[in-house]
Every structure is written in C-alpha cells, then in structure tokens.
Amino acid sequence: MDVRQSIHSDHAKTLDTTGIRKEFLVEKIFEADKYTMVYSHIDRIVIGGIMPVKNTVTIGAEVGKQFGVNYFLERRELGLINIGGDATIIVDGTTYTVKNEEALYIGKGAKSLEFKSVDSSKPAKLYYNSAPAHHTYPTRTITKNDTVAQPLGSLETCNKRTIRKYLVPDVLETCQLSMGMTRLEEGSNWNSMPTHTHERRMEVYFYFDMDDETIVFHMMGKPQETRHVVMHNEQAVISPSWSIHSGVGTKRYTFIWGMIGENLTFDDMDHIAMKDIR
Ligand SMILES: O=C[C@H](O)[C@@H](O)CC(=O)C(=O)O
Ligand SMILES: [Zn+2]
C-alpha cells in the first residue's frame, strides 16, 4: 500500500516537478489481475483500481492489519466506476453485474469482496474511492439511467462537457463519498474552469479515455500560487481542500471525480474569479 501524508500548502509551493508528482500524482491505477491501493491521510481517502483479467481479484484480510481492523470495509464505504469490460462483483455472496460506465456502491460492513471480468479479452477496470464510514447504507449498482447528467460549458470557452453524477444524494445515500464522471466533447479541453476550491471537501481526479499522444495539464495549488501536474492516461491526482483542480488537455478526455469530507453538497464551492488566478 502506498501511503501519502497530508500536505500543507506552504510546503507544497516549495516543491519541484518531482516533488509535486511524488505527493499528488498516482501514476499507476490499473495492474492486470491485481488491485492497487493508495492511502492518503487527507480525509483518509483510499483510491485505486481493480483489474481482474484471467483471475478473480479479492480484497481480503491482508489489508486489515494496515487499517487496524479485521477487513477492509469494516469501518469504510466504497464506490467504484467501471471504465472497462463487464464485471461480476460478489459482495458477501450476492452477485452484481457492473457494465462499462456503471457504478457499484458498497456499504460499510461488507466482508467478502470478489471481482471478476466477464470476458478476459475485455477486462473490467474498476476505479474506486473509499472513505471512512460509520453507518451502513445498502450496497447497490448505479446504471447510467440512475445518474444525474448536467451539461456545462460551451465551445467558445473550449469546455463543453457533461457532468454525470453517480454517487450523489439525489441518487443514493452514502456517508461522505460522492463520485461522478465528466466527459468533454470533441474540440473541448478545459475542465472545471472557471475553477474553484472547496475548503470542506478534498477531491481526487482520475483522467482516462486518452490515447498515448494526449496529455492533460492538471492545474493545482492555491488560487494565487498555481502549479501543474502533467497527466497521462489512467492516472489520478489528489487535490487537498486548499487546492484548485482543473485541467486542460491536448485533446478531449474523460475523468472521474470523487470527493469526501464535511458535506455532500455538490454546489458548495468557492468560485475563483479569473482575474484573481496567479
Ligand atoms: O467539485 C466538483 C468537481 O470538481 C467536478 O465535478 C467538476 C467537474 O467535473 C467539471 O467542472 O468539469
Ligand atoms: Zn471540485
């Protein structure tokens, strides 16, 4: 398990490219027939990918010791979105089918977690976020029909996109996790600009749906002290509450956002005026 400490903005602004990448970037989310796991001390979010190909991938008692519990979700909830082929996920004996761009919410207390691909030539790619939780909400799938889609931006400002909300209060109850997927249209390359922070929640962006020639410059830092992280396909970046999070690609792309913290109010953002960005 890759552990990332919390980071003060005064420290973050002194870092060079290598230092920034070490603190904030998650370079490898998917490994065949494995799960990856990054534990950030920022709100104790856990992020990673689960990619069963030929074998069943399980998250079992091996992680219990690292979390000081008997099993991973003893005191946690988990949300995942599948960006690959169809998956079969067995949670405490109940089987869920999670197709491409469908999600699964797993409530606190689920002991046994098994992940399989329906077709090993089209492996499932399950991107997940997990947050501390103290109440059990029911485990359930979220199909595209269940989501709330919000069109945003315009071609003139190069940011025409659709925010698809999967794990939000209008769709289902969670303790503190919210997640969704934002897809940019052809010819649009800016996400989350005009930009914002939210002192009350941290956020993680996972960029995907990019070819080898496409990169995204992810903007971070305090609004008056910005930095960037260059993102390649299927990489994630951690955004502390004090940081903006916005990106511009050399071409269109898609990303999954996940937030945890004080509230579940999507619109609770501190908007930054363009003239104030440095
Ligand atoms: O707090 C909300 C998150 O940063 C994202 O939902 C923003 C986003 O997807 C976008 O504007 O493209
Ligand atoms: Zn945000």
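I began with β20 and found seven bridges joining it to strand β21 (residues 225-231), the two running antiparallel. I take helices (H or I, at least four residues) and strands (E, at least two) as DSSP runs, numbered from the N terminus. Two strands count as paired if DSSP finds at least two bridges between them.

The model is predicted, so local features need pLDDT of at least 70 and side-chain atom pairs count only at pLDDT 80 or more, while totals for chains, interfaces and linings use all residues. Residues are numbered from 1 along each chain as its sequence is written, and chains are lettered from A and ligands numbered from 1 in the order in which they are written.

**Entry: β20 and its partners**

I looked up the link between β20 and β21 and found a hairpin that passes through two residues. Across this pair, Phe217 stands opposite Val230 in β21. I also found four bridges from β20 to strand β23 (residues 246-249), again antiparallel. There, Met219 stands opposite Ser246 in β23.

Is β20 enclosed or open? Five of the seven residues of β20 (residues 216-222) are buried, so the strand is largely enclosed by the rest of the structure. My cut-offs: a residue is buried if 20 or more other C-beta atoms lie within 10 Å of its own, exposed if 12 or fewer, and partly exposed in between, with C-beta atoms placed from the backbone.

**Entry: the four-stranded sheet**

I traced an open sheet of four strands in the order β6-β11-β8-β9, with antiparallel pairing. Its edge strands are β6 (57-59) and β9 (94-98), each of which pairs on one side only. Neighbouring strands of this sheet are turned by 20 degrees against each other on average, direction ignored. For such angles, axes are lines fitted to C-alpha atoms (for helices over the stretch in contact), and angles run from 0 to 180 degrees between N-to-C directions.

Within the sheet I checked β8 (residues 87-91) against β11 (residues 113-117) and counted five bridges between these antiparallel strands. Ile90 stands opposite Glu114 in β11.

**Entry: ligand 1**

Which residues are around ligand 1? I listed Arg161, Ile163, Gly180, Thr182, Asn191, Ser192, Glu203, His245, Trp257 and Met269. A residue is near a molecule or strand if its C-beta atom, placed from the backbone, lies within 6 Å of it. Strands β15 (161-167) and β16 (178-184) each supply at least two residues of this shell. The shell divides into three nonpolar, five polar and two charged residues. In that sorting, Ala, Val, Leu, Ile, Met, Phe, Trp, Tyr, Cys and Pro count as nonpolar, Asp, Glu, Lys and Arg as charged, and the others, Gly among them, as polar.

**Entry: the UniProt positions**

Under "binding site", an unreviewed UniProt entry lists His196, His198, Glu203 and His245. UniProt positions are given in the numbering used here, feature names are shortened, and annotations may be inferred rather than shown by experiment. The listed residues span 50 residues in sequence, yet no two of their C-alpha atoms are more than 11.5 Å apart, so they gather at one spot.

I placed His198 in the loop between β18 (196-197) and β19 (201-208). His198 counts as buried, with 21 C-beta neighbours inside 10 Å. Not counting residues up to four places away in sequence, His198 touches Ser241, Asp268, Met269 and Asp270. Contact here means that the C-beta atoms of two residues, placed from the backbone, lie within 7 Å.

Glu203 lies in strand β19 and is buried, with 25 other C-beta atoms within 10 Å. Leaving aside neighbours within four places in sequence, Glu203 is in contact with Ser239, His245, Trp257, Gly258 and Met259.

Most residues other than glycine have a negative phi, and most peptide bonds are trans. I noted the exceptions below.

- A cis peptide bond joins Met193 and Pro194, with omega about 5 degrees; Pro194 is in the loop between β17 (190-191) and β18.
- Arg44 is not a glycine, yet has a positive phi of about 60 degrees; Arg44 sits in the loop between β4 (38-40) and β5 (46-51) and is partly exposed, with 15 C-beta neighbours inside 10 Å.
- Glu101 has a positive phi near 60 degrees; Glu101 sits in the loop between β9 and β10 (103-106).
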